[in-house]
Amino acid sequence: MNKYTLFQKAKNRYAPWPIEDVDDFFINTLKAQPLSLSDKDIKPFLIEHEIPEREKIGGVYGVYDLAITALLNGKVKSVNDMEFQQLAQKSVPLTDTDTILTIGSLVILETDNFKTVSGCYIGGTINRLYNLVAFFAGLPEVDKTNFENYIIDDYLSSLADVKTMGFFEL
């Protein structure tokens, strides 16, 4: 099977998630704290030329949960691992923005249409989180003449990582 055919099959099978579902996933599954860009404590964490344009921001979160950050940093392979379960029991809910962003990461979701996610800014290095966002965004609209192999290669790599994390049966 050629890569463009694989791209088309994956595009049909894994549709972009509605932004409301992504928001729900961040809050309820990743235990992320929704944040406001107007919060004075968030200002030092914003890199103006790297964050999405204000009119394209679809969500702002602080990801700080002990078990979730261990998973997203690759220190724990899956939500089904015993180590993840043990860390989850030690996790404590926080509401202080400065503390959340000091121990965790800032995530700003970008949207072009306020229906689906189109990209993100992540303050910190949480590679697996990029893979989750790529999964949520789905594959772009690309015709065969503009198709590049890396598009499907990158997406399939993200998909494999998301599957490994154990959040979804894919």
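How many bridges pair S3 and S4, and in which sense? The answer is 5 bridges, in the antiparallel sense. Keep in mind as you read on that this is a predicted model.

## The sheet

Let's start with the overall layout. The strands form an open sheet of 4, ordered S1-S2-S3-S4, and the pairing is antiparallel. S1 and S4, the latter spanning residues 119-123, are the edge strands, and each of them pairs on one side only. As background, strands of a sheet are held together by backbone hydrogen bonds, in either a parallel or an antiparallel arrangement.

Walking across the sheet, S1 (residues 33-34) meets S2 through 2 bridges in the antiparallel sense. Here Gln-33 sits opposite Gly-62 of S2. S2 then joins S3 (residues 105-110) by 6 bridges, again with the strands running antiparallel, and Val-63 has Ser-105 of S3 as its bridge partner.

## Cover over the strands

How well covered are S2 and S4? S2, which spans residues 57-63, is mostly covered, with 6 of its 7 residues buried. S4 is mostly covered as well, with 4 of its 5 residues buried.

Helix H2 (residues 19-29) lies across S1, S2 and S3, and runs at about 10° to S2. Helix H6 (residues 127-137) also packs on the sheet, where it touches S2, S3 and S4. The direction of H6 makes about 165° with that of S4.

## Helix H6

Because 8 of its 11 residues are buried, H6 is largely enclosed by the rest of the structure. The buried residues are Arg-128, Leu-129, Asn-131, Leu-132, Val-133, Phe-135, Phe-136 and Ala-137.

What do the buried residues of H6 pack against? Their partners are the strands S2, S3 and S4, together with the helices H2, H3 (66-72) and H7. Just after H6 comes Gly-138, which takes a positive phi of about 75°.

## Where H1 meets H7

Another helix pair is worth a visit. H1 (residues 3-13) and H7 (residues 149-165) pack at an angle of about 50°, and their axes are 9 Å apart. The two helices are therefore oblique to each other, and their crossing is left-handed.

Which residues make this contact? From H1 come Lys-3, Leu-6, Phe-7 and Ala-10, and from H7 come Asn-149, Ile-151, Ile-152, Asp-153 and Leu-156. Sorted by class, the contact of H1 with H7 has 6 nonpolar, 1 polar and 2 charged residues. In general, an α-helix has 3.6 residues a turn, so residues three or four places apart point the same way.

One last stop is Thr-102, which is found in helix H5 (residues 97-103). Is Thr-102 buried or exposed? Its relative accessibility is 56%, so Thr-102 counts as exposed, the cut-off for exposed being over 50%.

Thr-102 and Gly-62 are 40 residues apart along the chain, and their C-alpha atoms are separated by 9.6 Å.

Terms used:
Residues are numbered from 1 along each chain as its sequence is written. This is a predicted model: local features need pLDDT of at least 70, side-chain atom pairs count only at pLDDT 80 or more; totals for chains, interfaces and linings use all residues. Side-chain values use heavy atoms; hydrogens and water are left out. Buried means under 20% relative accessible area, exposed over 50%, partly exposed in between (1.4 Å probe, protein chains only). Two strands pair if DSSP finds at least two bridges between them. Contact means heavy atoms within 4.5 Å. Axes are lines fitted to C-alpha atoms, for helices over the stretch in contact, and angles run from 0 to 180 degrees between N-to-C directions. Angles under 35 degrees count as roughly parallel, over 145 as roughly antiparallel, 65 to 115 as roughly perpendicular and the rest as oblique. A crossing is left-handed if the near helix is turned anticlockwise from the far one by less than a right angle, and right-handed if clockwise. Ala, Val, Leu, Ile, Met, Phe, Trp, Tyr, Cys and Pro count as nonpolar, Asp, Glu, Lys and Arg as charged, and the others, Gly among them, as polar.
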